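Here are a few exercises to work through with the model open beside you. Try each task on your own before reading the solution.

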Amino acid sequence: MFNKQNTTESSRLSKSTSSKGVQLLHVHGVPCTLDIELLAARSGKIAAFIKENSHEDLCHFLEDIPADPNTFELIARFCHGFELQISTENVVPLTCLAYYLGMNESHSKNNLLIKTLTFLEQRILPSWNETIKALLATENILQQAVHFGIVDACLKSIIEKALVDPCLLGEPIKNLTHADNNEDTDDVNRPNARRRLFGFEGKSEDLTMLPLQLYEPIIVAVKRHGVPSKYVAASLCKYAKKWVLHKSTGCEEMTIHREVIETMERLLPHERGLIPCTLLFDMLQSAIVLEASADCRNCFETRIGKQLDEATVKDLLIPSQGYAKEVQYDIECVRRILKIFYTNYTCSDVSGLITVAELIEEFLAEVASDIDLKPDTFISLAEMSIAASLGTQRGADGIYKAIDIYLVKHRYLTEAEREEVCRVLDCQKMSPEACEHAAKNEKLPLRVVVQVLFIGQLKLRDTITQEMQASYDKLRKEEEDLARLDCGEEQARTGMEKMSNKVMELEKECNMIRKEIASVCNHNVKKEKGSMWREMKRKFGCVTTMHHPNCQKKMKKMNPNMEYDL
């Protein structure tokens, strides 16, 4: 036996064997004392080898035997008559070596192979947990276990149990943004009490512990047999988290992790909403870092694009890769995903479009703080955000916010560059609050400030016009009612006076707002910009203020269709 056995066992071995058959041999470099005749009595392969070869050749035969020293020691103990303790961890290695050595019933009765196969059939295969533990023991002898059919038997057992109870694959992922209205489906796939009580253990062993070459055929089989996609997706996502996501990858592990992420993408179901968008983004980032195939990355982008309305702005912040990166985040990837979303969006409800429009605005504001973001790239992103807002009747406050952040972080821009950045801003779509902020914003070009103030006056004029029109409509209605009721001339005159007073109040309010805008404008414009105002007044022939009667006449003379006052 092996040299590490105790003295008592050595003495028992020496009493039960003749000194002629006992030899000191080496198994994978480990010295051991064996009785060749006892080995041959149990092993058909060793018996046939001894007949045709010398004992010296047997040393080379045992040195190359496909088993680790611990497993061979168990075999040797069995051949020498010791009691053998078969367990979940050693039953597969023992079975493989028993197959290899020909330790079957045709060579010797009550041999080792029948014992290990019986243990597998009665103790391992009926149990989900024990089957997975047994498969984990095949890591170093996987090819042998596959060749002798042991792996197939274990996989078949696992697949059968998963078909009966899909929850063994993993609990479905709770996606808060995707409500499953079909409650009956959950009831159908939930295992009943009898199945739980008599079928499987309370706490199941995790299937994701298996290596990819064993895990993949299980998932392929359960998908082929129609296991609900939500359980398959749950298992695949858990496997990706365990083996790939948020893992530091060395050069040696990169190839393995790349194979895992590519396999996960191939196996993932395509139903929308089964997998949270954030998790899909994590997988995409891993695929990018691991330099997965283009097909793998494109498929992840397609999956994300189809449910982009479930994403957050943090998901879109995909770091740029490579030493020559010009920006902090992968802008082009976001652009491709956005294009996929609009290509596949067929819902009549515009809520998804509005959600994505808000998302892109938040993304634009987030990347605007990137000091390396060039004006051309920012303008391109802003145009992309504007395109995302088309048809949603959204204002321009989000674009203005991003422009403000960009100008704060990029103070080195020239006046021409700042005007080019602001070119994408539609002042007519800004809210009153945003207009008020812009009027006082010293970072904006003067042209934009003037445009904001001018549009503010136009909006004010439209508001007052609408108010006056409404008042006149109300007055007309009251006149008609009075005439119909024949209430007399005095009541009609009273109503006219009330309406006239209302109009005068509106005009006063208009004048007050006009004065406030003028004061804001005067406060905003710096001394260096004062010359521009004077130049504008000179061109229009104004020497005092733009509200002077002579100024108004000359302005109208230059452009009869232009209205600068109410």
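**Exercise 1. A helix pair**

At what angle do helix 13 (residues 212–224) and helix 14 (residues 229–243) pack, and how far apart are their axes? Keep in mind that you are looking at a predicted model.

*Solution.* Start with the geometry: the angle is about 165°, and the axes of helix 13 and helix 14 are 11 Å apart. Angles over 145 degrees count as roughly antiparallel, so helix 13 and helix 14 are roughly antiparallel to each other.

Now look at the side chains. Helix 13 contributes Leu212, Tyr215, Ile219, Val222 and Lys223, which meet Val232, Ser235, Leu236 and Tyr239 of helix 14. Sorted by type, the residues of this contact between helix 13 and helix 14 are seven nonpolar, one polar and one charged.

**Exercise 2. A second pair**

Describe how helix 16 (residues 277–289) and helix 17 (residues 294–305) cross, and list the residues that make the contact.

*Solution.* Step one is the axes: those of helix 16 and helix 17 come within 9 Å, with a crossing angle of roughly 160°. Step two applies the cut-off of 145 degrees again; helix 16 and helix 17 are therefore roughly antiparallel to each other. Step three is the hand, and the crossing of helix 16 and helix 17 is left-handed.

Step four names the residues. From helix 16 come Cys277, Leu280, Phe281, Met283, Leu284, Ala287 and Ile288, while helix 17 supplies Cys296, Arg297, Phe300, Glu301, Arg303 and Ile304. Step five sorts the residues of this contact of helix 16 with helix 17: 10 are nonpolar, none is polar and three are charged.

**Exercise 3. Positive phi in loops**

Where are Asn110 and Glu291 found, and is each one buried, partly exposed or exposed?

*Solution.* Take Asn110 to begin with. Asn110 sits in the loop between helix 6 (91–101) and helix 7 (112–124). Its phi is positive, about 55°, although Asn110 is not a glycine. Asn110 has a relative accessibility of 46%, so it counts as partly exposed.

Then turn to Glu291, which belongs to the loop between helix 16 and helix 17, the pair from the previous exercise. Glu291 is also a residue other than glycine with a positive phi, near 55°. Because its relative accessibility is 57%, Glu291 counts as exposed.

**Exercise 4. A loop residue and its contacts**

Which residues is Met209 in contact with, leaving aside its neighbours within four places in sequence?

*Solution.* First locate Met209: it lies in the loop between helix 12 (193–198) and helix 13. With those neighbours set aside, Met209 is in contact with Leu136, Lys242 and Trp243. Finally, check the surface: Met209 has 30% relative accessibility and so counts as partly exposed.

**Exercise 5. The whole protein**

How many helices and strands does the protein have, and what share of its residues counts as buried?

*Solution.* The protein has 28 helices and two strands. Of its 566 residues, 42% count as buried. For the surface, the accessible area of the protein is about 31600 Å², and carbon and sulfur atoms account for 52% of it. As for contacts with a separation of 6 or more, 72% join residues 24 or more positions apart.

Notes: Residues are numbered from 1 along each chain as its sequence is written. This is a predicted model: local features need pLDDT of at least 70, side-chain atom pairs count only at pLDDT 80 or more; totals for chains, interfaces and linings use all residues. Side-chain values use heavy atoms; hydrogens and water are left out. Axes are lines fitted to C-alpha atoms, for helices over the stretch in contact, and angles run from 0 to 180 degrees between N-to-C directions. Helices (H or I, at least four residues) and strands (E, at least two) are DSSP runs, numbered from the N terminus. Angles under 35 degrees count as roughly parallel, over 145 as roughly antiparallel, 65 to 115 as roughly perpendicular and the rest as oblique. A crossing is left-handed if the near helix is turned anticlockwise from the far one by less than a right angle, and right-handed if clockwise. Contact means heavy atoms within 4.5 Å. Ala, Val, Leu, Ile, Met, Phe, Trp, Tyr, Cys and Pro count as nonpolar, Asp, Glu, Lys and Arg as charged, and the others, Gly among them, as polar. Buried means under 20% relative accessible area, exposed over 50%, partly exposed in between (1.4 Å probe, protein chains only). Accessible areas come from the Shrake-Rupley method with a 1.4 Å probe; for residues, only the protein chains shown count as cover.
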